[in-house]
Amino acid sequence: MKDYEFTFNATTGAGGETVTCKMSYERDEHGAYFENIEDVTYEGISIMGVLTDEQFAELEMVGVNKLRQHLAEEKDRALEP
């Protein structure tokens with residue numbers, strides 16, 4: 001299978017800071033699977049090592065939802081005449 005990449009913005013931390021997340025995933029005719037955040041950056045600096053397990057899980061959940069929405073919109077655009 002080919003790995004795909006999806007980048008999205010989300011908020012995390014006590015101050016609700018905006019971070020950029022890079023997620024990799026695999027895809028087949030049934031949809032995306034093996035979603036995994038590869039990197040999280042804040043103002044261009046990787047903060048993967050300072051995220052709590054809860055923050056990482058929350059960002060992963062946000063990412064999976066945004067990815068599903070993105071793929072659905074991509075499919076809808078492909079169906080347009």
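In the predicted model, the largest nonpolar core comprises 15 residues, of which Phe8, Val40 and Leu59 touch the most other members. Two or more residues are contributed to this core by each of S1, S2, S3 and H1. Leu59 touches Phe8, Ala10, Thr11, Thr12, Val19, Cys21, Ile37, Val40 and Leu51, when residues up to four places away in sequence are not counted.

The strands are arranged as an open sheet of 4 members, ordered S1-S2-S3-S4, with antiparallel pairing. S1 and strand S4 (45-46) form the edges, each pairing on one side only. Helix H1 (residues 53-79) packs on this sheet and touches S1, S2 and S3, and its direction makes about 120° with that of S1. Within the sheet, strand S2 (residues 17-28) and strand S3 (residues 31-42) run antiparallel and are joined by 8 bridges. Asp28 has Gly31 of S3 as its bridge partner.

Thr12 lies in strand S1, which spans residues 3-12. With a relative accessible area of 8%, Thr12 falls under the 20% limit and is therefore classed as buried. A polar contact of 3.3 Å links the side chain of Thr12 to the side chain of Gln55. Beyond neighbours within four places in sequence, the residues in contact with Thr12 are Glu17, Val19, Gln55 and Leu59. Val19 is also among the residues touched by Leu59.

Terms used: Residues numbered from 1 in each chain as written. Predicted model: local features only at pLDDT ≥ 70, side-chain atom pairs only at ≥ 80, totals over all residues. Heavy atoms only, no water. Buried < 20%, exposed > 50% of the residue type's maximum accessible area, 1.4 Å probe, protein only. Polar contact = N/O pair within 3.5 Å; in protein donor to acceptor, adjacent residues only side chain to side chain. Contact = heavy atoms within 4.5 Å. Pairing = 2+ DSSP bridges. Axes fitted to C-alpha atoms, helices over the stretch in contact; angles between N-to-C directions. Core = buried A, V, L, I, M, F, W, Y, C linked by side-chain atoms within 4.5 Å.
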